[in-house]
Amino acid sequence: MSYNHLEIEKKWQEFWAANQTFKASNTSDKPKFYVLDMFPYPSGAGLHVGHPLGYIASDIYARFKRHKGFNVLHPQGYDSFGLPAEQYAIQTGQHPAKTTEENIKTYRRQLDRIGFSFDWSREVRTSSPEYYKWTQWIFIQLYNSWYNKASDKAEDILTLISSFENIGNSEVSAVCDENISTFSADEWNRFSEKQQQQILAKYRLTYLSETEVNWCPALGTVLANDEIVNGVSERGSHPVVRKKMTQWSMRISAYAQRLLDGLHKIDWPQPLKDSQTNWIGRSQGAMVSFNVANHDANIDVFTTRPDTIFGVSFMTLAPEHELVSRIVTDEQKKKVEEYIEATAKRSERDRMADVKTISGVFTGAYAEHPFTKKPIQIWIGDYVLASYGTGAVMAVPCGDQRDYDFAKHFGMEIPNIFDGVDISEEAHEGKDGTKIANSDFLNGLAYKKAMKTIIYELEKQGVGYGKINYRLRDAVFSRQRYWGEPFPVYYKDGMPQMIDAKHLPIELPDVEKYLPTEDGKPPLGNAIHWAWDCDTAEVVNTNKINNTTVFPLELNTMPGWAGSSWYFNRYMDSQNSKEIASKEALDYWQEVDLYIGGSEHATGHLLYARFWQKFLFDREIVPVDEFAKKLINQGMITGTSAFVYRWEFENGDTSGKAKKLIFVSKSLMENIIKERQKAENSKHNLDNDSIDLLAVTQIKSDSENMWSHFTPIHADVSFVNTSDELDIEAFKNWREEYKNAQFITEDDGSFKVGREVEKMSKSKYNVVNPDAICEEYGADSLRLFEMFLGPLEQSKPWKTSGISGVSSFLKKLWKLYHTGKDGTFFVSEGTATKDELKTLHKTIKKVDEDIANFSFNTSVSSFMIAVNELSAQKCNKREILERLIVLISPYAPHIAEELWQKLGHSDSISRAKFPVFDASHLVESTKNYPISFNGKMRFTLELSLNLSKEEIEKVVLEHEKTRAQLQGRTPKKVIIVPGKIVNIVG
């Protein structure tokens, strides 16, 4: 009976679904283990073979843990809000929900076909109202919370209000906005309701503020820093500008230190921890206040080197700093405005990364040095960011290279405050071994002493204080788009009001257009029914707004990371309609034991999720403050892209309008380049004779022009065979512009493409569909091959031709169980041999260790070795084969289930216990000694390891092969190393 992967895989996928084989229980006597993948966004392109890599690894581990006796939760769902569906809706008018539903069906079909052991009864979709009801609920909890520094946690806003009512805010220690005025209890109680709400907004963990944001006009929305790549949007590569908008923000900065501290107790990759550490950016220094001359204003600066304050020779503000428009002089106004406009077109990341460009404009205004009282020029420069620190720096060119370069460029003074240090060529940025000079009361002090002294003096004179600062900024939480979670917020008298949780979810309304309104409002501004009726507690027509009982609803939606910041908790009790999850479920599952996903989420999803988890822990909603105990970043499966080389030139049209499109085979293109280099080196132009060998003499063209157009163009890899030869006709029919192209081929008529390893992507036409692999080779082959490619954490290139090896292995495995007449299934009940047991147990040991260490690739090698050895041993013993298939089942579950059933079992193999390693089977009782004569090995002899030297010598010398070698001679010496060698000399 032959191995039919299509029939077997379909059978067992249907069995698992019908029997809910992998459904987890929230009550079990078994120890729990929670395995989770970062859930996918269901794109229209579906899965390619790079996507399942992490899913296969997590599935192997989940199945392994079930075999080990754990109650395993291994759920899956969809991060189904996202820009692609909205962009498609804008183009076609089709509702994003419909597109998303169709895409999810494709994903589900593909995931099922690969044989994942997901508990689909717990599926979540972030775009489902049943799910985002709880995202809205969490937002309300954040709004109704503040961060108490004294208790170092978030608390109910009612506790803050109580403090205000009884003692005012003078003794309140909170993470809040800067420059909040002090008020007494009496003053608080006399404030109007609106005034009280305005004050509370400065303390809430989510709040409205005018924020400098990354605005993408083409997408009509604000983008987070991690959604911008090289100054353009990650989605669509559209320009991004900086502008101020009123946005919802999350006070993640309140958790900066706890986010840093928490990294020490989770088992996450160190590079990822380093990314978060750097993103949070803790630094210690001082806040210093500089008065602005002739203005009732001051500039607050955070600096890590307040000890260099006497070296300040100018100040630089971020171009978008709020003071700029107030202090700029009439003479400098035009230059300043032009500079601000130019800066707005650059993203923060661009500005941070660009360390070479020096630019700035003098505002015409001056600040006053807090100690010397000397005037200091105030400039603006795009190397200063409004979102970092206070958006201002005190420039000390002698101690900071960027300030040094800025001062040199604009011809400003560079005073030296370092004793005995030469700054004629560059700034001195070191701290140790240098003493301060030309700095009044700091003269002669080393760094540490100078730091303590200056902070003391700053605080003494009321012009500054010591401070710990964080680079981490509060997270913008608004998006100007349709396809996202609606905020549970309406506006009364301009102030946000939360809708009572019992009325959730507030569902997305229907709109005619998914673009912003004509007056620039977000897409929800197009909704007819988008007002809140407080009397009836329902969404009503916007024409009913009267600002007494019916009020406008929030027009922004939540960002993509909202739903993904807590989904791991929802899986614990996904069908619960009364709470995000029951206390019993949360207490049982606690946290994710193994989380697998990409490192690109380090400062996005993974940071925001940790923030929300800590908040939910503070409010006693979840039992732990870190959501994932262990995290693995899987590497990338890269695609092998195919390139054709385009050679365009003018063809007989002196007007230059007509163009002929020519593609040149790779090796010929390389020859052309070599010939050109020769011609250039000898200062001669190539003529038609010199390219006759290229079969292009029929092309009439200026030779110089011929060299100018070699451009690599991606070709769909499906048009290329394993010999890198292009199907020319398929390529021509691919696109209209290629129909009449000319192809210069090799002598044998073939057209060779170039190859390059790149990220597997639809845009690079190098995507391999897993459906095609499953159809031809089977899901078990795909699973084994992806693991066999290399270590999980490393990137590795995909090459379809390599899958034939694991496909052959599975056929050999199948044959091991089908040694009966005409290839029928057969196992014997006989006793296993010593060699068979040795093969089995060394495989058990290796695979157990490999899976525990996530070394999945080496396990596949072990399976191959084991099957080869057992085949050579002609093993058909149930004692061996039954345990072998359990070992293999996490990797190749379909064939394992089929063979398990053939072995006489009625239940799924997933419930079988993992084989136990017995070291005694690896202890050798005999040794196959090499028998040498004068150092040359002539034969081998298997002897007991219990024999003494004398006994070994006796047996060897009496052996017929020894007598044949000696031919009656008496050996001079017999050298015996027990357990190793026997050498007969003479």
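1. Angles of 65 to 115 degrees between axes count as roughly perpendicular. In this predicted model, helix H2 (residues 52-67) packs against helix H24 (residues 779-788) at an angle of about 100 degrees, and the two helices are therefore roughly perpendicular to each other. Their axes lie 10 Å apart.

2. On the H2 side, the contact with H24 is formed by Pro52, Leu53, Ile56, Ala57, Asp59, Ile60 and Arg63. Helix H24 contributes Leu782, Arg783, Glu786 and Met787. Classified by residue type, the contact of H2 with H24 comprises seven nonpolar and four charged residues, with no polar ones.

3. A search of the whole structure returns one cavity of 30 Å³ or more. The space in the largest cavity amounts to about 40 Å³. Its lining consists of Arg305, Asp307, Phe418, Lys431, Thr434, Ile436, Leu445, Ala446 and Tyr447. Five of the lining residues of the largest cavity are nonpolar, one is polar and three are charged.

4. The second largest pocket holds about 1,100 Å³ of space. Its lining is made up of 34 residues, and those nearest the centre of the pocket are Phe302, Thr304, Tyr388, Val393 and Asp400. Two or more lining residues come from each of strand E11 (282-292), strand E12 (298-303), helix H13 (348-353), strand E16 (392-395) and helix H14 (401-409).

Conventions:
Residues are numbered from 1 along each chain as its sequence is written. This is a predicted model: local features need pLDDT of at least 70, side-chain atom pairs count only at pLDDT 80 or more; totals for chains, interfaces and linings use all residues. Side-chain values use heavy atoms; hydrogens and water are left out. On a 1 Å grid over the protein atoms alone, a cavity is a set of points where a 1.4 Å probe fits but cannot get out, and a pocket is an open set with protein on both sides within 12 Å along at least five of seven lines; lining residues have an atom within 4 Å of a point. Grid points are joined across faces, edges and corners, and a volume is the space filled by probe spheres set on the points. Ala, Val, Leu, Ile, Met, Phe, Trp, Tyr, Cys and Pro count as nonpolar, Asp, Glu, Lys and Arg as charged, and the others, Gly among them, as polar. Axes are lines fitted to C-alpha atoms, for helices over the stretch in contact, and angles run from 0 to 180 degrees between N-to-C directions. Helices (H or I, at least four residues) and strands (E, at least two) are DSSP runs, numbered from the N terminus. Angles under 35 degrees count as roughly parallel, over 145 as roughly antiparallel, 65 to 115 as roughly perpendicular and the rest as oblique. Contact means heavy atoms within 4.5 Å.
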